Amino acid sequence: MNPRELLQALVAAVEAGRPCALCTVVGTRGSTPQTAGAMLLLEADGRSIGTIGGGCVEAEVRRRALALLQAGNSSLLSFVLNHDYGWDDGLICGGRLDIAVVCYQHVAELGEVRAAIEQIERQQMARLPLRVADEDRTVQFRVNIEPTPTLLIAGAGHVGAALASLAAGLNFRVVVIDDRADLLGPERLPARCVAVAGDIAESLRGWPIDGNTYVVIVTRGHAHDEQALNAVIDSPARYLGMIGSRRKVKLIFDDLEQLGVPREKLDRVHSPIGLKIGAVTVPEIAVSIAAELVAVRRSEAFQAVEGPAQVPAAGS
């Protein structure tokens with residue numbers, strides 16, 4: 001579940017009179033089952049959404065979080081991951097995991113959560129403060145939630161449809177464009193996908209592409225691929241990729257150069273597309289493309305959690 005859905009579930013539960021504990025990984029050292037920013041939402045009856053890694057640590061966090069929820073308290077929990085704590089398939093040695101458990105019991109406490117949801121929905125960086133007790137002081141962490149990247153898939157054929165299904169599960173906002181409306185139905189594309197029926201090149205030119213947009217061109221032929229690439233080559237897209245053999249790619253690049261497209265712009269196009277995993281079948285090709293999208297997305301460090309900062313005592 002993506003952060004927006006988890007936070008929406010938190011708001012819905014509290015509005016319905018069901019207090020919740022939001023358990024967030026705020027610090028890691030060494031080998032740990034999850035990275036900073038991972039979240040688990042826990043209700044008083046034990047129902048939960050999300051994960052902070054599973055296994056013994058998560059079971060202990062759930063136990064302590066339920067106790068905190070019953071008492072109406074929030075706290076910072078720390079675990080040294082030695083022989084006492086592992087996950088389902090073995091032990092972890094030498095790691096440390098810090099978990100902020102924040103309890104929400106009343107609608108009036110949801111203001112910062114609602115603000116974070118609104119920021120996510122506006123495709124902005126969301127920042128969620130978490131205040132917890134740590135021994136004899138109160139500290140605050142800030143969880144930074146990246147804007148959801150948009151994946152524009154030009155072409156709803158076999159590869160485009162397979163990639164759309166994969167990318168939806170990787171927390172991309174997926175948009176599939178094709179001039180064949182019969183290929184854009186819900187029986188072929190994931191429910192959360194935006195389907196755009198119309199001329200591919202024209203639709204790409206009209207889309208608001210920014211630095212958090214990834215474009216994958218997998219149309220049904222050489223001419224459509226060339227038109228699609230020409231439509232986005234000047235855009236600030238984070239990623240441009242086009243399917244095709246080396247011969248086909250060279251022909252398209254040569255054509256675009258003759259139209260005045262500088263070679264340095266063409267050099268940033270990932271083509272042939274995808275990581276080299278020996279992909280042959282359509283699902284394998286989709287996996288190779290999805291893997292390359294993830295590699296580009298994670299190529300830059302992102303600070304998911306900031307803090308802790310001490311919160312001044314009331315009246316000080």
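Start by selecting R220, which is partly exposed at a relative accessible area of 43% (buried is under 20%, exposed over 50%, partly exposed in between, with a 1.4 Å probe and protein chains only). What you have open is a predicted model, where local features need pLDDT of at least 70 and side-chain atom pairs count only at pLDDT 80 or more, while totals for chains, interfaces and linings use all residues. Residues are numbered from 1 along each chain as its sequence is written, and side-chain values use heavy atoms, with hydrogens and water left out.

The side chains of D179 and R220 meet in a salt bridge, 2.8 Å from N to O (a side-chain nitrogen of Lys or Arg within 4 Å of a carboxyl oxygen of Asp or Glu). This pair links distant parts of the chain, 41 residues apart: D179 sits in the loop between β11 and β12, R220 in the loop between β13 and α6 (222–232). Helices (H or I, at least four residues) and strands (E, at least two) are DSSP runs numbered from the N terminus. D179 is partly exposed as well, at 34%.

Next, pick A197 in strand β12 (residues 194–197). It counts as exposed, with 54% relative accessibility. Leaving aside residues up to four places away in sequence, A197 touches D178, A181 and L184 (contact means heavy atoms within 4.5 Å).

Then colour α4 (158–168). Its buried residues are V159, G160, A161, L163, A164, A167 and A168. What do they pack against? Their partners are β10 (150–154), β11, β13 (213–217) and α9. Follow the chain into the loop between α4 and β11 to reach N171, which has a positive phi of about 65° although it is not a glycine. N171 is partly exposed at 24%.

E135 is another one to check: its phi is near 60°, positive in a residue other than glycine. Look for E135 in the loop between β8 (126–134) and β9 (137–145), where it is exposed at 79%.

Over to the helices: show α1 (residues 3–15) and α3 (residues 111–121), which pack at about 145° with axes 10 Å apart. Those axes are lines fitted to C-alpha atoms over the stretch in contact, and angles run from 0 to 180 degrees between N-to-C directions. On the α1 side R4, L7, Q8, L10, V11 and E15 meet V113, R114, A116, I117, I120 and E121 of α3. Zoom in on R114 and E15, a salt bridge whose closest N and O atoms are 2.8 Å apart. R114 lies in α3 and E15 in α1, so the pair ties together parts 99 residues apart in sequence. R114 is partly exposed at 30%, and so is E15 at 47%.

The D45 and R47 side chains meet at 2.7 Å, N to O. A search of the whole structure finds 20 salt bridges.

I277 is partly exposed at 49%. P272 is in the loop between α8 and α9 too, and the peptide bond from S271 to P272 is cis, with omega near 0°. For another cis bond, go to G307 and P308, where omega is about 15°; P308 is in strand β15 (residues 305–310).
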